[in-house]
Amino acid sequence: DFLVAIQHALYSPRVPAFAFDYWFLIWEQFVGLVGRSLVNFAYVAAAILVVTTIFIDSFRCTALILLTIVMVDVDMFAVMWALDHGFTNVSVTLLLLSLGLSVDAASHVTHAYIEVV
């Protein structure tokens with residue numbers, strides 16, 4: 001909130017000023033991090049739903065894969081909360097990476113199950 005207030009104070013049309021400091025680059029990453037992260041998670045969930053629906057014939061199995069992946073992400077958020085880890089750009093990257101690894105494992109197990117049954 002402080003960084004946004006500084007931006008509104010400095011970038012007003014009354015006073016043409018530009019403030020720059022190295023720490024502004026560090027703080028700027030936290031301004032829209034939650035919104036951008038939710039959009040990225042939504043894109044990943046949509047891509048998972050489309051790709052697994054194409055390659056796995058059963059929509060029920062696709063829904064189970066998506067549910068498994070959502071639960072992995074919820075578990076990762078719970079572990080971050082339990083360890084008092086902050087929500088940073090590194091943690092967002094690792095959360096998206098965990099989504100990719102979990103979709104790989106879940107889709108292979110589901111595909112093997114469909115092939116056997």
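Trainee: What covers the buried residues of α3?

Mentor: In this predicted model, local features need pLDDT of at least 70 and side-chain atom pairs count only at pLDDT 80 or more, while totals for chains, interfaces and linings use all residues. Residues are numbered from 1 along each chain as its sequence is written, and side-chain values use heavy atoms, leaving out hydrogens and water. Helices are DSSP runs of H or I with at least four residues, and strands are runs of E with at least two, numbered from the N terminus; in α3 the buried residues (under 20% relative accessible area; exposed is over 50%, partly exposed in between, 1.4 Å probe, protein chains only) are Leu33, Ser37, Phe41, Ile48 and Thr52. Their cover, by contact (heavy atoms within 4.5 Å), includes α4 and α5.

Trainee: How far apart are the end C-alpha atoms of α3?

Mentor: The expected span of a helix is 1.5 Å times one less than its number of residues. The 23 residues of α3 should therefore span 33 Å. The end C-alpha atoms agree with this, being separated by 33 Å.

Trainee: Is α3 roughly parallel or roughly antiparallel to α4?

Mentor: Axes are lines fitted to C-alpha atoms, for helices over the stretch in contact, with angles from 0 to 180 degrees between N-to-C directions. The two axes come within 9 Å and cross at roughly 150 degrees. Angles under 35 degrees count as roughly parallel, over 145 as roughly antiparallel, 65 to 115 as roughly perpendicular and the rest as oblique. The relation of α3 to α4 is therefore roughly antiparallel.

Trainee: Is Cys61 buried or exposed?

Mentor: Cys61 lies in α4. Leaving aside neighbours within four places in sequence, Cys61 is in contact with Ile56, Thr110 and Ile114. Because its relative accessible area is 13%, Cys61 is classed as buried.

Trainee: What distance does α5 reach from its first C-alpha to its last?

Mentor: The buried residues of α5 include Leu95, Leu99, Val103 and Ala106, and their cover includes α3 and α4. For the 28 residues of α5, 40 Å is expected at 1.5 Å a residue. Close to that value, α5 reaches 41 Å.
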